[in-house]
Amino acid sequence: LGKSRKSSKKVPPGSLGIPIIGQSLGLLRSMRANTAEEWLQRRIQKYGPISKLSLFGKPTVFMYGPASNKFIFTSDNSTLSNGQTQSIRRILGERCVLELSGQDHKRVRGALMSFLKPESLIKYVGKMDEEVRMHIQMHWQGKQEVKVLPLMKSLTFNIICTLLFGIERGPRRDELAKWFPQMIEGMWSVPINLPFTRFNRSLRASASIRDTLKELMDEKRVELEQKGANPHQDLITCMLSIYEQNNEVMTEQEILDNARLVMIAGHDTSSVLLTFLIRLLANEPSIYAAVLKEQEAIAKSKPKGEFLSWEDISKMKYTWRVAQETLRMVPPVFGGFRKTVKDIEYEGYLIPKGWQIFWVTNMTHTDGRIFPEPTKFDPTRFENQSAIPSYSFVPFGGGPRICPGYEFARLETLVTVHHLVTKFSWKLCSDNSFGRDPMPVPTKQLLVQIMPRNEV
Ligand code: HEM
């Protein structure tokens, strides 16, 4: 690796654009119009596979392909740090797991994983099932039309509140639900903190959420210390109990910053996956029929009304392949950033210390050399997982920071699809287009007409 700027290497080609704003607005505009992949392709044609630009206030190198993904996901923190853009850091806080590295990252990630690992999730399947049934009863049954995206956001938000945070339905949950969209809006924004900016609104929302979570945390602490609550009853109590047991294993700020992160990371992404799965099932009757067949067989094998079990979930193999193909074609996370901690050399270029590196999920997902006929929806691609080259299918990232919520997302997706397909069929009332903000948002938030099926 290169020693310093004295190295004869040049920084990658491209332009840094105008100060602070750089190319952020161009990228965001194309994401909104769902042409960001073309926007990036034009850069590649002009500058080659590795180029510089400026995004969200910092000089940035964009690179793509399985080798670049591997470099980005597996470099250790002596080369790349996971520091987020200024906007994300200010909104989520400096001690959230995205900002941590080395031992700190391992420790906090370990605390989150103790809740999100399959051995713990087994206990939640029934509760998850109950949340989904309640949601369907309240928002689908007896309706002729529904707007899918906002419903899926509310479902996954409620799942997180019940399962991970132990927040009951009521004013506190409503308060959080009110601030959340506003906080998320500013994550991919230019960090200009003036009263009328998206960024400013987002910072204010983030502070209100922090206050609410602080109140919750104080109550959970009392429950834990004075009422002997089970340390594993929810994620916050679990993080508090680590703190109590082993002086300062997690600080108060770490608990609050990570609670806020998990609330976003855990519901905004899975709601998009569910929405696009529902869109796909409307468009592809033969796939809907195959998913229905798998889910009906499971429903018929159980006494009516009994909750799904972990074993039932593990039988939903075809349905999960359909979800994976949906994640390939419409990955909820567009991409992400790392930061160089020293001057580095990559593929003959110098990347100076402190620059961002930008990876983009779809660049490998839509590469015909990796996924032949990439625009065709084909869940059989995932029948043989080992045939997919490493670091090419990256909806959950990769390496030591691969999404710790993978199993949780899989569980909530499968439980929801089970209930929806066995109870309803549906037709789109809108076209198939969508934009990114930065998460994919379908036209009319995916309005569908729903028809009840005869219960199995
Ligand atoms: C379909 C659903 C989901 C998708 C597509 C998704 C995607 C991702 C991606 C791409 C990353 C890595 C970003 C990077 O390396 O730059 C990530 C990290 C993360 N995700 Fe997810 N995620 C999903 C669901 C969840 C859920 C349900 C949770 C929690 C309950 C969660 C919690 C996290 C956390 C805490 C991180 C940071 C991990 C670290 O830095 O060590 N995600 N996710």
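**Questions on a predicted model**

Modeller: In this predicted model, F424 has P452 of strand 12 opposite to it.

Biologist: What makes strand 9 and strand 12 a pair?

Modeller: Two strands pair if there are at least two bridges between them. Strand 9, residues 424-428, is joined to strand 12 by five bridges. Five meets that cut-off, therefore the two strands are a pair. Their sense is antiparallel.

Biologist: How do you know that strand 4 and strand 12 pair as well?

Modeller: The test asks for at least two bridges, and three bridges join strand 4 (residues 145-147) to strand 12 (residues 447-452). The count passes, so strand 4 and strand 12 are paired. They run antiparallel, and K147 has L447 as its bridge partner in strand 12.

Biologist: What makes strand 1 and strand 3 edge strands?

Modeller: Five strands form an open sheet of mixed pairing, in the order 1-2-8-5-3. Strand 1 (50-55) and strand 3 (80-81) each pair on one side only, and they are the edge strands. Strand 1 is joined to strand 2 (residues 58-63) by six bridges, and the two run antiparallel. Within this pairing, S54 has P59 as its bridge partner in strand 2.

Biologist: What holds the strands of a sheet together in general?

Modeller: Strands of a sheet pair through backbone hydrogen bonds, in a parallel or an antiparallel arrangement.

Biologist: What else is recorded or computed for C403?

Modeller: An unreviewed UniProt entry places the feature "binding site" at C403. This residue lies in the loop between helix 17 (362-365) and helix 18. Residues up to four places away in sequence being left out, C403 touches F396 and G397. C403 is also among the closest of the 24 residues that surround the ligand, together with G266, G336, G397 and G405. Helix 5 (102-116), helix 12 (252-265), helix 13 (268-283) and helix 18 (406-423) are the elements that give two or more residues to this shell. By class, the shell has 16 nonpolar, six polar and two charged residues.

Biologist: Is Y391 buried or exposed, and why?

Modeller: The limit for a buried residue is 20 or more other C-beta atoms within 10 Å. Y391 has 21, so it is buried. Y391 sits in the loop between helix 17 and helix 18, and it has a positive phi of about 60° although it is not a glycine.

Biologist: Which class does K444 belong to, and why?

Modeller: K444 has 15 other C-beta atoms within 10 Å, therefore it is partly exposed. This residue is in the loop between strand 11 and strand 12. Its phi is positive, about 50°, although K444 is not a glycine.

Biologist: What describes the peptide bond from D437 to P438?

Modeller: That bond is cis, with omega near -10°. P438 has its place in the loop between strand 10 (434-436) and strand 11 (440-442).

Biologist: How do you know whether the radius of gyration agrees with that of a compact globule?

Modeller: For 456 residues, a compact globule would have a radius of gyration near 23 Å. The protein has 22 Å, so the value agrees with that of a compact globule. Buried residues make up 43% of the 456 residues.

Technical notes. Residues numbered from 1 in each chain as written. Predicted model: local features only at pLDDT ≥ 70, side-chain atom pairs only at ≥ 80, totals over all residues. Near = placed C-beta within 6 Å. Helix = DSSP H or I, 4+ residues; strand = E, 2+ residues; numbered from the N terminus. Nonpolar A, V, L, I, M, F, W, Y, C, P; charged D, E, K, R; others polar. Rg over C-alpha atoms; globule rule 2.2 N^0.38 Å. Buried ≥ 20, exposed ≤ 12 C-beta atoms within 10 Å, placed from the backbone. UniProt positions renumbered as here; feature names shortened; annotations may be inferred. Contact = placed C-beta atoms within 7 Å.
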